[in-house]
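This report describes a protein chain in running text, from its overall make-up to selected residues. Please read it alongside the sequence and the structure shown here.

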Amino acid sequence: MTAVDQRATYREVFAEPRFRVLFLARSAAITAESLRIFALSVFVFDRTGSALLSALAFAAGFLPQLVGGLLLGALTDRIRPRPLIVGGYLAGGGAALLIALVELPVAAQLTIIATVACGTPIFMGAAGRLVAEVLTGDAYVLGRSALNAASSGAQLLGLAVGGVAVGALGARQALLIAALGHALAALIVRLGLPDLDGVPGEPGSAVRASLNGVGALLGDPVIRRLLLLQWLPSACIAGAEALLVAYGDNRGFPSGAAGALMAALPLGMLLGDLIVGRCVRPATRERLVRPLMLLAGGALALLLTGLPMSGTLAILVISGSGYAYQLGLQRPLLDATPEARRGQMFALLSTGLMTLQGLSPVAVGALAQLTTPATAIAAAGAATMLCTLLGTRRKPARADNER
């Protein structure tokens, strides 16, 4: 077995104390963010009775990330990671606290969320760069797997807590709980993470440096291809996920089925990350990128056949498990990225994911309006399978003295 194909274990990954800190903080923050999104959507709908404004409250934390990721991404490598990550979590908590305690117009509330979202790719990029620094080889890929699994689990927990908290306490009190969750994430990082240095970047304006960095990253055909392979299938799956409630209603499933349908994809993602991350060798993961992508999309396309409720849930879990294809892209993408731009690459990766996942439900939803939810979901699955045409060619890793 070569060193490149040496498989790491989750025990090795969690033996790294800095990773444990980032893992715990991310889990707390995503749980709080899912709760905040749910509570704010309910809060806005209760105040206005507008489904459109409620949907905007849901999307306000996603689309503005495009601005921050493109114009400020260079800060990810310039600023020390601990204050950057702490500041990002505190900003999220402060936004939830302000909305909960101060009577503001809905437009002002959405503006606050959108402003905070602009900074999300920056501190997420700093955390991604730090993971790449503290974990090497296959341990890095397993670390990303553990973070993905934590994200899926935390989203499920946040939605569950959100439903209970909003029902029992009200949306305003649920926002206060979300603020506490963000504060907890910030405290974990502040107390547990060493104050490491940033990476010297190009001098001058951060905006100019950010745009130059984006141009350099997207101008590299290997990096561009690897980013698109993570962005586009994720967007297709998110668009299909947004239609599951309408799909269940259209199929005549029981009224309580919506929650199970929404939970099935994240559950599959959680299982896929854990199984592929732990049981499959590094080189095999990279060879499985296309088959797993085909599995994710092909399973969604099967929903057009009108399976019963149990079959639909099974298909959604299978589709979610195919999302583990991303594990085979982690190492090639890191190897292809210059060390001085790694933080900005992670910021750009987060920006593309969040932006396209914010736009795709609109596009897939529009198709559902013209056809049916089942047809639109199947089309999203077919589009996922077409993404395999992008290929997965890998740039040779740079030697350390070339970085």
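The sections below treat the chain as a whole, then an aromatic cluster, a histidine in a helix, a leucine in another helix, and a nonpolar surface patch.

**Overall make-up**

The model is predicted. The protein chain contains 19 helices and zero strands. It has 403 residues, 52% of which count as buried. Contacts between residues 24 or more positions apart make up 87% of the contacts in the protein chain with a separation of 6 or more. The accessible surface amounts to about 16,600 Å², and carbon and sulfur atoms account for 68% of that area.

**An aromatic cluster**

The structure holds six aromatic pairs. One of them joins Phe14 and Phe19: the ring centres lie 5.4 Å apart and the planes stand at 70°, so this pair is edge-to-face. Phe14 also pairs with Phe23, with 4.9 Å between the ring centres and 90° between the planes, and this pair is therefore edge-to-face as well. The cut-off behind both assignments is an angle of over 60 degrees between the planes. Through these ring pairs, Phe14, Phe19 and Phe23 are linked into a cluster.

Phe19 counts as buried because its relative accessibility is 0%. Phe23, with a relative accessible area of 18%, is buried; the limit for that class is under 20%.

**His182 in helix α9**

His182 is found in helix α9, which spans residues 171-192. Its relative accessible area is 5%, so His182 is buried. The side chain of His182 makes a polar contact of 3.3 Å with the side chain of Glu33. With neighbours within four places in sequence left aside, the residues in contact with His182 are Ala29, Ala32, Glu33, Tyr89, Gly92 and Gly93.

**Leu98 in helix α6**

Leu98 belongs to helix α6, residues 81-101. It counts as partly exposed because its relative accessibility is 36%. Apart from neighbours within four places in sequence, Leu98 is in contact with Leu104 and Ile112. Which distance separates Leu98 from Leu176 in space, C-alpha to C-alpha? The two residues are 9.1 Å apart, while 78 residues separate them in sequence.

**A nonpolar surface patch**

Val67, Leu71, Val207 and Leu211 form a nonpolar patch on the surface, and together they have about 300 Å² of accessible area. Helices α4 (65-71) and α10 (206-219) each contribute at least two residues to the patch. Val207 lies in helix α10 and, with a relative accessible area of 35%, is partly exposed.

**Relative accessibility of the residues described**

The table gathers the values for the individual residues discussed above.

| Residue | Relative accessible area | Class |
|---|---|---|
| Phe19 | 0% | buried |
| Phe23 | 18% | buried |
| Leu98 | 36% | partly exposed |
| His182 | 5% | buried |
| Val207 | 35% | partly exposed |

Notes
Residues are numbered from 1 along each chain as its sequence is written. This is a predicted model: local features need pLDDT of at least 70, side-chain atom pairs count only at pLDDT 80 or more; totals for chains, interfaces and linings use all residues. Side-chain values use heavy atoms; hydrogens and water are left out. Helices (H or I, at least four residues) and strands (E, at least two) are DSSP runs, numbered from the N terminus. Buried means under 20% relative accessible area, exposed over 50%, partly exposed in between (1.4 Å probe, protein chains only). A polar contact is a pair of N or O atoms within 3.5 Å; within protein, one must be able to donate a hydrogen and the other to accept it, and residues adjacent in sequence count only if both atoms are side-chain atoms. Contact means heavy atoms within 4.5 Å. Patches are made of residues with over 30% relative accessible area and no salt bridge: like charges are joined within 9 Å, nonpolar side chains (Val, Leu, Ile, Met, Phe, Trp, Tyr) within 5 Å. Accessible areas come from the Shrake-Rupley method with a 1.4 Å probe; for residues, only the protein chains shown count as cover. A salt bridge is a side-chain nitrogen of Lys or Arg within 4 Å of a carboxyl oxygen of Asp or Glu. Rings of Phe, Tyr and Trp (its six-membered ring) pair if their centres lie within 6.5 Å; planes under 30 degrees apart count as stacked, over 60 as edge-to-face and the rest as tilted.
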